[in-house]
Amino acid sequence: MKNLALENKLESGPRVVVIGGGTGLSILLRGLKKFTSNITAIVTVADDGGGSGVLREDLGMLPPGDIRSCLLALANTEPTMEKLLQYRFTDGMLTGQNFGNLFIAAMSSIYGSFEEAIRETSNVLAVTGKVLPMTLEDVTLCAVLENGVTVNGESRIPVDAIKNGSRIDHIYMDPKISNPLDESVEAIIDADIIVLGPGSLYTSVIPNLLVNHITDTIHYSKAKKVYIANVMTQPGETDKYSLTDHVDAILKHSREDFLDYVIGNTEDIPLETLNKYIKDGSKPVLIEKNHSEVLEKKNIKLIGDKLIDVEKSYIRHDNILLSKILIDIANDD
């Protein structure tokens, strides 16, 4: 039996647009849908690795992986259906391929477009809100390292950065002009709050800002603009980055007056879990004493809280607490 009071409450919730990709975005969406049904997830399509990369190359379609994860995060469906769409083959020619990716590929063929495939998949899964690609164009993410080397391809960027022993200076899209989906632009214009991240800084979050006119569309939207900093650095991508280094990278690829809020973690991570990440080259991204003052000079308000959730030795954001913070920002006049 439906809980009409809850449905009405969710329907009257703020209009939230979340921009990014990867695991961080889907985790946040699972929390947000408990507070509002007015959610639009706008997802990068620059992924060229793993099963998504194979489908992209073989079928000439946009990579479905991050979009699939967001659809499932916002889905209201049976656990068996989620298990099915998350299933990854372990034998034969399909080894490593995800059934959900194949499902979206089939829907693309049936309905004749990637955009329509996502819409119909959303209907099948009874998705709360919308999941949209940032662009429908075939784009390649490229990075220029601090040593001058250019790396082509999203999956190669962290690998080649480590190989070269050089950090990322900036990224760009090839072709340099790609047009956003009209529906994504409309969602940004109508939003009460626009959230960047959490997610890989250079391969999930910033690529969305490189699509034609998106930076200005976000800037001129009346929505509050929030960046959620990662809780850990990523090898080959944000080595030795502080919280303000993450913010500076966002501003470098957009504009100086782009953000209103930054949310960062203040909670220490359990040592046993932390040591596993340190061995892999990751370190915590914690709020430091001067960060509030540094960001205040950029007219950015820093919000710190204990945001860590450790599940099966994996460090994640506490998506419920994070969602509450975002809803409070959206509702604050």
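These legends walk you through several close-up views of a predicted model.

**View 1. Seven strands side by side in an open sheet.** Start here to get your bearings. The order across the sheet is S3-S2-S1-S7-S8-S9-S10, with parallel pairing. At the edges you will find strand S3 (130-133) and strand S10 (301-305), each pairing on one side only. Between neighbouring strands of this sheet the average turn is 20 degrees, direction ignored.

**View 2. Strands S7 and S8 pair in the parallel sense.** Here S7 (residues 193-196) meets S8 (residues 224-228) over 4 bridges. Look for Leu-196, whose bridge partner in S8 is Tyr-227. Both Leu-196 and Tyr-227 are also touched by Leu-259.

**View 3. Leu-259 in the largest nonpolar core.** This core has 88 residues, and Leu-259 is listed with Leu-29, Ile-250 and Ile-263 as having the most contacts inside it. Residues that Leu-259 touches include Val-226, Val-247, Ile-250, Leu-251 and Ile-300. Another core, of 7 residues, lies apart from the largest one; among its members are Ile-269, Leu-274, Tyr-277 and Ile-315.

**View 4. A hairpin of strands S11 and S12.** S11 (residues 308-311) and S12 (residues 314-317) pair in the antiparallel sense over 4 bridges. Glu-311 stands opposite Tyr-314 in S12. With 2 residues between the strands, the hairpin has Lys-312 taking a positive phi near 55 degrees.

How values were computed
Residues are numbered from 1 along each chain as its sequence is written. This is a predicted model: local features need pLDDT of at least 70, side-chain atom pairs count only at pLDDT 80 or more; totals for chains, interfaces and linings use all residues. Side-chain values use heavy atoms; hydrogens and water are left out. Two strands pair if DSSP finds at least two bridges between them. A nonpolar core is a set of buried Ala, Val, Leu, Ile, Met, Phe, Trp, Tyr and Cys residues joined through side-chain atoms within 4.5 Å. Buried means under 20% relative accessible area, exposed over 50%, partly exposed in between (1.4 Å probe, protein chains only). Contact means heavy atoms within 4.5 Å. Axes are lines fitted to C-alpha atoms, for helices over the stretch in contact, and angles run from 0 to 180 degrees between N-to-C directions. Lists of a residue's contacts leave out its neighbours within four places in sequence.
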